[in-house]
Amino acid sequence: MKTLITGGTVVGPLGAVPTDVLVDGETIAALYAPGVASTGGVVADKVVDATGKYVVPGGVDVHTHMKLPFGGTFASDDFESGTRAAAWGGTTTIIDFAVQRTGEVVQDGLAAWHALADGNCAIDYGFHMIMGGVDDEALKAMDYLVEHEGITSFKLFMAYPGVFYSDDGQILRAMQKASDNGALIMMHAENGIAIDVLAAQAVARGDTDPVFHGITRPSALEGEATHRATVLAQVAGNTPLYFVHMSASEALAHVSAARGAGRNVFAETCPQYLYLTLEDQLGAPGFEGAKWVASPPLRPRDEPHRDDLWRGLRTDDLAVVSTDHCPFCFKDQKELGRGDFTKIPNGIGTVEHRMDLVYQGVATGRLSLERWVETCSTTPARMFGLYPKKGVIAPGSDADIVIYDPNATTTISAATHHMNLDHSAWEGFEIAGKVDTVFSRGTAVVAGGAFHGRAGHGQYLRRGLTQYLR
Ligand code: URP
Ligand code: ZN
Ligand code: ZN
């Protein structure tokens with residue numbers, strides 16, 4: 001089956017160029033200057049008119065948590081609902097976090113994640129591995145996963161003592177291992193030991209509302225942990241290091257300094273840290289703020305974090321926008337923390353909205369069109385060893401393509417979203433622009449306002465080593 005996408009403007013990191021795209025089966029077969037394909041006798045089974053629209057590589061969301069166990073419950077999206085919602089929003093690849101719980105064999109944790117995902121995904125997917133217990137066996141498993149499973153990135157936590165937390169010695173050992181086998185260490189950088197003291201003191205004082213989740217996780221403790229991790233990575237042998245869900249100016253400053261020194265230190269941020277605040281969302285009246293409890297927390301409105309994060313996206317000190325999609329319903333899940341914010345499951349659901357939300361940076365002049373594509377698709381693919389199969393519109397690449405209409409508008413609402421979530425962290429957000437058509441490996445999974453994909457279309461991606469080192 002051949003599909004010709006005509007009249008659109010193909011956008012990549014190097015520019016926006018009017019181009020027609022020929023898809024043959026699951027891959028991109030050729031690119032043509034406008035009109036050349038039709039006058040040159042290219043025969044297609046189907047022609048899709050993209051006049052006036054952008055044609056961009058499918059989004060690559062490298063930070064999702066389908067069914068993550070957290071706080072006595074599980075993230076409410078499974079791989080079927082979560083990947084379907086992702087497709088609706090123009091994301092055609094996710095990298096989810098398989099979990100090794102403390103005391104569990106790494107390969108068992110991975111097998112459980114394959115069982116959750118296999119046959120259920122609407123789009124292609126890969127895994128990182130959360131290391132919940134770094135010991136001799138787990139370190140050996142890291143080699144095995146890199147060599148045999150296509151898992152080349154490992155997340156460690158400086159937060160959540162007693163759950164996923166690793167101490168500095170464990171972190172150093174995992175970094176040394178990564179420095180040997182070429183893996184990328186992904187870091188949740190918050191000083192969890194200090195945070196737990198502040199949180200216990202707040203609860204003892206009777207400060208139990210959701211806003212205290214943010215107040216007891218100050219940005220200085222994200223900055224401190226970020227700096228400590230960059231030092232540990234240097235000592236471990238200049239291990240490549242990628243900070244997840246960066247929210248704080250102090251943390252970004254440490255990344256910028258390390259990068260300025262030529263180090264392979266990278267970071268992502270998420271839409272919630274670009275738009276939402278401690279006062280406006282987390283501090284909503286009553287228990288409402290629980291909807292926005294995530295770690296790191298939303299930051300105070302009058303501090304410079306959001307502006308600094310946008311600047312970081314422009315300068316590449318922030319290389320990627322992911323979602324940290326980790327949805328918990330308000331009813332029965334977020335409600336577990338009524339009367340004690342420390343019991344609210346941590347996470348926000350955004351997998352459906354990342355392309356739209358980052359595009360608002362383009363619509364408002366904060367980000368170039370090219371950086372939109374680069375931070376949401378091309379760099380995530382390169383960072384995590386998927387390029388050029390993913391992340392680019394080029395002959396030979398998978399035909400993961402989004403036709404994006406910059407002239408349409410939408411409003412985000414729980415009433416219309418496709419995530420398995422009883423509320424939206426983005427309720428009422430007006431979006432300039434709209435995902436029009438989404439191809440996943442040549443199949444139009446979203447078109448004409450309807451979903452045409454299926455669970456099981458998505459394939460597991462064995463990833464290579466990071467391609468973003470300098
Ligand atoms: O609040 C969050 N971020 N939940 C998901 C787990 C994590 O730390 O990424
Ligand atoms: Zn995290
Ligand atoms: Zn996460």
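I call a residue buried if 20 or more other C-beta atoms lie within 10 Å of its own, with C-beta atoms placed from the backbone. I keep in mind that this is a predicted model.

**Helix α13**

I listed them as Arg-354, Met-355, Asp-356, Leu-357, Val-358, Tyr-359, Gly-361 and Val-362. After the helix comes Gly-365, and I noted its positive phi, near 85 degrees.

**The sheet**

For β3, I looked up the pairing with β2 (residues 9–12), which is antiparallel over 4 bridges. In one of the pairs I checked, Val-11 has Ala-16 of β3 as its bridge partner.

**Helices α3 and α4**

Next I took the pair α3 (residues 106–117) and α4 (residues 136–149), whose axes come within 9 Å and cross at roughly 45 degrees. That angle makes α3 oblique to α4. On the α3 side of the contact I wrote down Val-106, Gln-107 and Leu-110, and on the α4 side Ala-138, Ala-141, Leu-145 and Glu-149. I sorted the contact residues into 5 nonpolar, 1 polar and 1 charged.

**Around ligand 1**

Which residues are around ligand 1? I found His-65, His-188, His-245, Ala-294, Ser-295, Asp-324, Cys-326, Asn-346 and Gly-347. This shell divides into 2 nonpolar, 6 polar and 1 charged.

**Thr-226**

My last stop was Thr-226, which sits in helix α8 (residues 219–235). Is Thr-226 buried or exposed? I put it down as buried because it has 27 C-beta neighbours inside 10 Å. Leaving aside neighbours within four places in sequence, I found Thr-226 in contact with Ala-189, Phe-243, Ala-251, His-254 and Val-255. I also checked Thr-226 against Leu-4: the two are 222 residues apart along the chain, and their C-alpha atoms are separated by 47 Å.

Note on methods
Residues are numbered from 1 along each chain as its sequence is written. Chains are lettered from A and ligands numbered from 1 in the order in which they are written. This is a predicted model: local features need pLDDT of at least 70, side-chain atom pairs count only at pLDDT 80 or more; totals for chains, interfaces and linings use all residues. A residue is near a molecule or strand if its C-beta atom, placed from the backbone, lies within 6 Å of it. Ala, Val, Leu, Ile, Met, Phe, Trp, Tyr, Cys and Pro count as nonpolar, Asp, Glu, Lys and Arg as charged, and the others, Gly among them, as polar. Two strands pair if DSSP finds at least two bridges between them. Helices (H or I, at least four residues) and strands (E, at least two) are DSSP runs, numbered from the N terminus. A residue is buried if 20 or more other C-beta atoms lie within 10 Å of its own, exposed if 12 or fewer, and partly exposed in between; C-beta atoms are placed from the backbone. Axes are lines fitted to C-alpha atoms, for helices over the stretch in contact, and angles run from 0 to 180 degrees between N-to-C directions. Angles under 35 degrees count as roughly parallel, over 145 as roughly antiparallel, 65 to 115 as roughly perpendicular and the rest as oblique. Two residues are in contact if their C-beta atoms, placed from the backbone, lie within 7 Å.
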